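I opened the notebook to record what I looked up in this structure, entry by entry. The entries follow the order in which I went through the contacts.

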Amino acid sequence: MPIDILSSLSGALVGAILGLVGGGGSVLAVPLLVYGVGVSSAHVAIGTSALAVAASAFANLLGHWRAGTVKWRCGLTFAAAGVIGAFAGSTVAKTIDGARLLALFGALMVIVGIAMFMRRKAEGDPDVQLTRASARQLLPWLIASGLGVGLLSGFFGIGGGFLIVPALMLATGMSLPFAIGTSLIAVTAFGAATATSYAISGLVDWRIAALFIAGGIVGGVGGGALGRLLAARKGALGTVLAAVIVAVGLYVVTRSLGSPGA
């Protein structure tokens, strides 16, 4: 099957998963690009994936902004610190052998899948704000957690929403719906920073990225519509996705460790 079609279909699959269950699908982008589309370089797959994830997160951010579930000051502070970490993480990742990097990515996928089995509680303060009065308490936590999560996001070329959401809740005490909406500021920023770092090194396939993003938009619309129909079963769908992510992660680790240079 032509690469253009495979790129669009892979993007549509990731978009559909994001629309259907609200998260977790973007971590599948790199293995889809490597084993599905046939991108031979792990670094190009990560750089291209980061660009696609940033575009997808920005599109979703606009929807959450309209819904009023974005804490801009908290999100921008977290993202500003995290962008520094993302540049540092991506710089280090580019020096690592592709097979080893994929093996580490597969191990991360297993961790992400296991974390998705754990249910997140929605409790928290929906009214929390970063102000002069609260800055002394919130700023150190936002900066430290943003820097750490950004480092991991840049290293693996992922949006990192599964890390950003709990980090925001821990740093500020905000409730889950606001943490999800606010996290998209950081996902967009981290993805853009990582993609920029890889693009400077010539490690982004712009054509594949464009097709992947276009497919993701179409898939996201379809997945969102299906998600509304299956709203009562989102818990079960999330469990299935978590199992798929763990299985794919184990496959990536096995394939990567068997590659020359691993």
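**Charges over rings**

I began with lysines over aromatic rings and found the charged end of Lys-71 over the ring of Phe-178, 4.5 Å from the ring centre. I count a charge as sitting over a ring if NZ of Lys or CZ of Arg is within 6 Å of the ring centre and within 35 degrees of the ring normal. I then noted Lys-94, which lies over the face of Tyr-198 at 5.8 Å from the ring centre.

**Basis of the entries**

I am working from a predicted model, in which local features need pLDDT of at least 70 and side-chain atom pairs count only at pLDDT 80 or more, while totals for chains, interfaces and linings use all residues. Residues are numbered from 1 along each chain as its sequence is written, and side-chain values use heavy atoms, with hydrogens and water left out.

**Helix 4 against helix 8**

I looked up helix 4 (residues 72-93) and helix 8 (residues 176-200), whose axes come within 8 Å and cross at roughly 25°; axes are lines fitted to C-alpha atoms, for helices over the stretch in contact, and angles run from 0 to 180 degrees between N-to-C directions. Helices here are DSSP runs (H or I, at least four residues), numbered from the N terminus. The two helices are therefore roughly parallel, a term for angles under 35 degrees. Among the residues making the contact (heavy atoms within 4.5 Å) I listed Trp-72, Gly-75 and Ala-86 of helix 4 and Ala-189, Phe-190 and Tyr-198 of helix 8.

**Leu-151**

I placed Leu-151 in helix 6 (residues 132-156), and at 42% relative accessibility Leu-151 counts as partly exposed, that is, between buried (under 20% relative accessible area) and exposed (over 50%), with a 1.4 Å probe and protein chains only. Leaving aside neighbours within four places in sequence, Leu-151 is in contact with Gly-85, Ala-86, Ala-88 and Gly-89. The C-alpha atoms of Leu-151 and Ala-86 are separated by 4.7 Å, although the two are 65 residues apart along the chain.

**Aromatic pairs**

I searched the whole structure and found 5 aromatic pairs, taking rings of Phe, Tyr and Trp (its six-membered ring) with centres within 6.5 Å. The ring centres of Tyr-35 and Tyr-251 are 5.4 Å apart with planes at 75°, so this pair is edge-to-face, the class for planes over 60 degrees apart. Tyr-35 lies in helix 2 (residues 29-37) and Tyr-251 in helix 10 (residues 234-257), so the pair ties together parts that are 216 residues apart in sequence. I also noted one aromatic cluster, formed by Phe-105, Phe-155 and Phe-156.

How values were computed
Rings of Phe, Tyr and Trp (its six-membered ring) pair if their centres lie within 6.5 Å; planes under 30 degrees apart count as stacked, over 60 as edge-to-face and the rest as tilted. Angles under 35 degrees count as roughly parallel, over 145 as roughly antiparallel, 65 to 115 as roughly perpendicular and the rest as oblique.
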